[in-house]
Amino acid sequence: MKFGLFGSAQAQRGGPDLDSGQGFKDYIEYNVEAEALGYDSTFVVEHHFTGFGQVSASLNLLTWVAARTKTLRLGTAVIVLPWHNPVLLAEQAATIDLLSGGRLEFGVGKGYRHNEFASFCIPIEEADERFEEGLGLIIKSWTSNERFSHHGKYWNFENIIVEPPTRQKPHPPIWMAAGNPDSIRKVARRGAKLMLDQLASTQLAIDRFNIYKAEVEACGRKFDPMDVAVSRAFYVAKNAEDKQKAVEARLANQTRLAKLSQTPDGNSKSSMLSFDQTLDAAAESAMFGTPDEIATKLSRLRAAGVEHVLLTGPAGSRENLRAFAHDIMPAFSGPAPKPAATRTQPQLANT
């Protein structure tokens, strides 16, 4: 299996004695250590106007990560295209891809949080059209060696050629977040890679994985399990009480974000807001517990064909990062075992 990171840094507000950049600096060091421990990638969120300092400028933060690392893949999870000038975004993303030696993984989405669209004064009803026009322009910007013009519904450009070129050809991998079955099939038909959220139950994540796989094969392409990244919260707990506290904190955070993201009438249809807000659901969808408990959940995903997992843990916990790398990752580093009538639990290190 391949393990990457999914998450965010925080920049706290405060007086002159508070270093608002410390959360960013800690996040950089977290990623530097993750690379040394064998993690494959880091995917950074984009959010705005939360009041508690979530990352807003993903590409800027990833530039610092790129400069401090050598092999770590640099992902956006996701950049919300309806809010961005697509040509400027294409230039900024190409710059990171070029300077990092071709390590950019370009995750894009249309957005789902009501408060963000309202604050940008962009109707959420325009999200689909803005996303489609923006993505088309970005790909054309990366692949056109001649000047072109564009006159669309939301964007107009005259006689442009986008510089610099990307390192990866024809362009960096495109990732899309989706949860609705029709949306998942559309991602597969586009030839894009799929990101699955951390809030869905294990079985729902597996079902969504299988929808994508079936659609890729129906399109006549060979399915690669690395083209689906399943996000899971992770925490290597010290004991049952420690695990329970982590689950309670996870649910509280989920509830806070759901309230922030919901429409005033409470009728958002986003799959990101469809999770059950209960302690049992928060525990089931996360990989919290002892190394053996976490390995059991990973084994279930692996048995279903999942080979690519993005981990989101307590903000900046280097202890948690190390515990997962030392006690769990080695048992899943080789090829997936062949199905058998009976199979013992993977042997974990230091347990």
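## A buried ring and its partner

In this predicted model, Phe157 is buried, with a relative accessible area of 12%, a value that falls under the 20% limit for burial. The structure as a whole holds 12 aromatic pairs, and one of them joins Phe157 to Trp155: the two ring centres are 6.2 Å apart and the planes meet at 15 degrees, so the pair is stacked.

## An edge-to-face pair across the sequence

Another aromatic pair is formed by Phe234 and Phe324, whose geometry is edge-to-face, with 5.3 Å from centre to centre and 80 degrees between the planes. Because Phe234 belongs to strand β10 (residues 228-236) and Phe324 to helix α11 (residues 318-327), this pair ties together parts that are 90 residues apart in sequence. Phe234 is buried, at a relative accessible area of 0%, and Phe324 likewise counts as buried, with a relative accessibility of 0%.

Aromatic residues also gather in a group, for Phe49, Trp83, Phe117 and Phe120 form one aromatic cluster.

## The largest nonpolar core

In soluble globular proteins, nonpolar side chains tend to be buried together. Here the largest nonpolar core has 73 residues, and the members that touch the most other members are Phe3, Tyr39, Phe106, Tyr212, Leu298 and Phe324.

Which residues does Tyr39 contact, leaving aside its neighbours within four places in sequence? Tyr39 is in contact with Phe3, Leu5, Ala34, Leu72, Leu311, Leu321, Phe324, Ala325 and Met329.

## The loop between β7 and β8

Two residues of one loop can be set side by side. Thr166 is found in the loop between β7 and β8, and Pro170 also lies in this loop, which runs between β7 (156-160) and β8 (174-177). Are these residues buried or exposed? Thr166, at 3% relative accessibility, counts as buried, whereas Pro170, at 53%, counts as exposed, the limit for exposure being over 50%.

The side chain of Thr166 reaches the backbone oxygen of Gln168 at 2.8 Å, and, not counting residues up to four places away in sequence, Thr166 touches Ala94, Asp97, Trp142, His171 and Pro172. Pro170, with its neighbours within four places in sequence left aside, is in contact with Trp142 and Thr143. The C-alpha atom of Pro170 is separated by 41 Å from that of Thr255, a residue 85 places away along the chain.

Definitions and conventions: Residues are numbered from 1 along each chain as its sequence is written. This is a predicted model: local features need pLDDT of at least 70, side-chain atom pairs count only at pLDDT 80 or more; totals for chains, interfaces and linings use all residues. Side-chain values use heavy atoms; hydrogens and water are left out. Rings of Phe, Tyr and Trp (its six-membered ring) pair if their centres lie within 6.5 Å; planes under 30 degrees apart count as stacked, over 60 as edge-to-face and the rest as tilted. Buried means under 20% relative accessible area, exposed over 50%, partly exposed in between (1.4 Å probe, protein chains only). Helices (H or I, at least four residues) and strands (E, at least two) are DSSP runs, numbered from the N terminus. Contact means heavy atoms within 4.5 Å. A nonpolar core is a set of buried Ala, Val, Leu, Ile, Met, Phe, Trp, Tyr and Cys residues joined through side-chain atoms within 4.5 Å. A polar contact is a pair of N or O atoms within 3.5 Å; within protein, one must be able to donate a hydrogen and the other to accept it, and residues adjacent in sequence count only if both atoms are side-chain atoms.
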